[in-house]
Amino acid sequence: RRKLRSDVAAAFPTLSTEQLAELVPNKEELNVIKIYSHKGEAITVYMNHRNPILFEVEKVLYPTVYTLWVYPDLLPAFATWPPVLQKLAGGADLMLPGVVVPPSGLPQVQRGTLCAVTLLGNRAPVAVGVATMSTEEMLAAGMKGKGFAVLHTHLDHLWEYGDKSSPPTLAPLVTGSAATESAGDEEELQGKEPGSSCSPEPEQPVDIRDLSLRDRDTCAELLGKEELHENRAAEPAEDASTEDQQEAEDSRTPQEQMDALFNQCFFHALKCKVKKSDLPLLTSTFLGSHMVSCCPAGKQLDIKKSSYKKFSKFLQSMQHQRILQVKELSRGVESIVDVDWKHPDIKAFAVPEGFSSASAGQDSKSEDREQVYHAPEIIPLYGVSTKMIPLFQESGHRKGSILSSSEVRNIIINYVKSNELVDETNKNFVKVNAILCDCLLDKSEQDEISHLKWDELLSRCLERLQPLHQVTFSGQEPVVRKGNIEPIDISIAQRSSNKKVTIIKNLELYGLDPQCVANTLQQKVQASATISPAPGTKDRVQVQIQGNQIHHLAKMLLEEYQLPRKYIQGLEKAPKLGRKK
């Protein structure tokens, strides 16, 4: 923590001692996590008060927007038009035609200077970037070309790690005639409505290159339309005729239309597709199988285009209305556990024309479920333990840092080479120094082993790190869990009258709906299947089916669901071919 504070002081010398102590506190909890960018770069993120405050890329520290909202003048700031933010959040760099030149002139920066990006009329930064040219070069280029390589923005994935708050409203630091002129520019930009708020509309992004200083009228017209939609959504229509209502529907924003489509498919699925016996029902199955099948022809459900952005938030909204209850039966896997079938919204919903009755589609339900299932991506990870800190601190990692096996391998190789530990006589061996001895050798081995083979060195290192794993389900954010993932456990048990039953556990960990698996097996083998609580676990269930059905189960899990064999335990208990079942 002391080293981090000194690194922050060196990177941002304008911070006072009190500000440093506030940013990197002595006693409050400070968490360190590792994430990966789309390019595969490892990024270390420092969290305080549940918000990311700093991130580190290639040993260079950068502030997040949460930090810049507290210290808005930490970096030289360049202003841009409000609609540009959505482009920046989508991964675009800031082009010079989108930079607003204030009457007082641009801040003086050199190429490579870390800068903040603000929106016109608000001093609170919304992005962090590196200048690709100096101020003189920007002006000499006629404010054309790329001005800033953007690293992080409000609304991006790093911002989502925090409390997802919005930028505060901070008045620009201008006085006198400059303030009057700036206010006039802003009034013109917002369609001569200085009291209106100008926020970017995700569904109507504007290309940065289109936002030159000559395009203010176009921008003002666009923002005026967006504000009209917001006002129309905020004020419910009273005493409106049928024609007015139809016109209002046609003029809804794409976001409002997607919200309405999600509501329609949600109630349609509950009324026509889901039965009480289906519960608990995985939320991914409910969306991918039931709601999608209720979507009208020519339309497509896309949660990213709605105001909810995530399906879990949509379900939370429905839970607040007491329509259903969602519960996390296992970490990162949510299920619908209860539905209020008598809720007035469900009872009042009318099935749209063109759809058949409530029983339609029930026959193909299990088949649809199988088609939409995608095996999760499982990546083994490793956490730096207390004992292994001396070996990893040289590469800038601390206790709890999360690494992949390839990262561990590269760190060990770099450590060995930088400390010149490769044996000169046989390069297949590595000399064991004091740190390797303490970290990788048992006490009984420390006096006997002076060299290790490369493979043994790496395997010993992985064994002594804390095991973790990352699970990524289709369409969901990755979830990191402690320990190694438990395999799907298949066992054979003896019941009364010498009858055998097949028991399957841990299906939920792989995003499989136990009820769906039970129904599918029951149809395939024509045997009774039941769901019961799994002994010794909390909020998990197991599937039990009559007879030794491992052959059918193996075919379903390996071939239809495409699950890797290493994540299935007990397939060797299948009955031998040729014997009567």
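## A cavity between two domains

The second largest cavity lies between domain 2 (254–348) and domain 4 (486–573), because both give residues to its lining. The domain bounds come from an automatic or database domain assignment. This is a predicted model: local features need pLDDT of at least 70, side-chain atom pairs count only at pLDDT 80 or more, and totals for chains, interfaces and linings use all residues. Residues are numbered from 1 along each chain as its sequence is written, and side-chain values use heavy atoms, without hydrogens and water.

## The largest nonpolar core

A nonpolar core joins buried Ala, Val, Leu, Ile, Met, Phe, Trp, Tyr and Cys residues through side-chain atoms within 4.5 Å. Buried means under 20% relative accessible area (1.4 Å probe, protein chains only). The largest core has 33 residues. Among those touching the most other members are Ile488, Tyr510 and Leu563.

Tyr510 is in contact (heavy atoms within 4.5 Å) with residues including Tyr373, Phe473, Ile488 and Tyr567, leaving aside neighbours within four places in sequence. A second, separate core has 29 residues, including Met258 and Tyr308.

## The whole protein

Of the 581 residues, 44% count as buried.

Definitions and conventions:
Buried means under 20% relative accessible area, exposed over 50%, partly exposed in between (1.4 Å probe, protein chains only).
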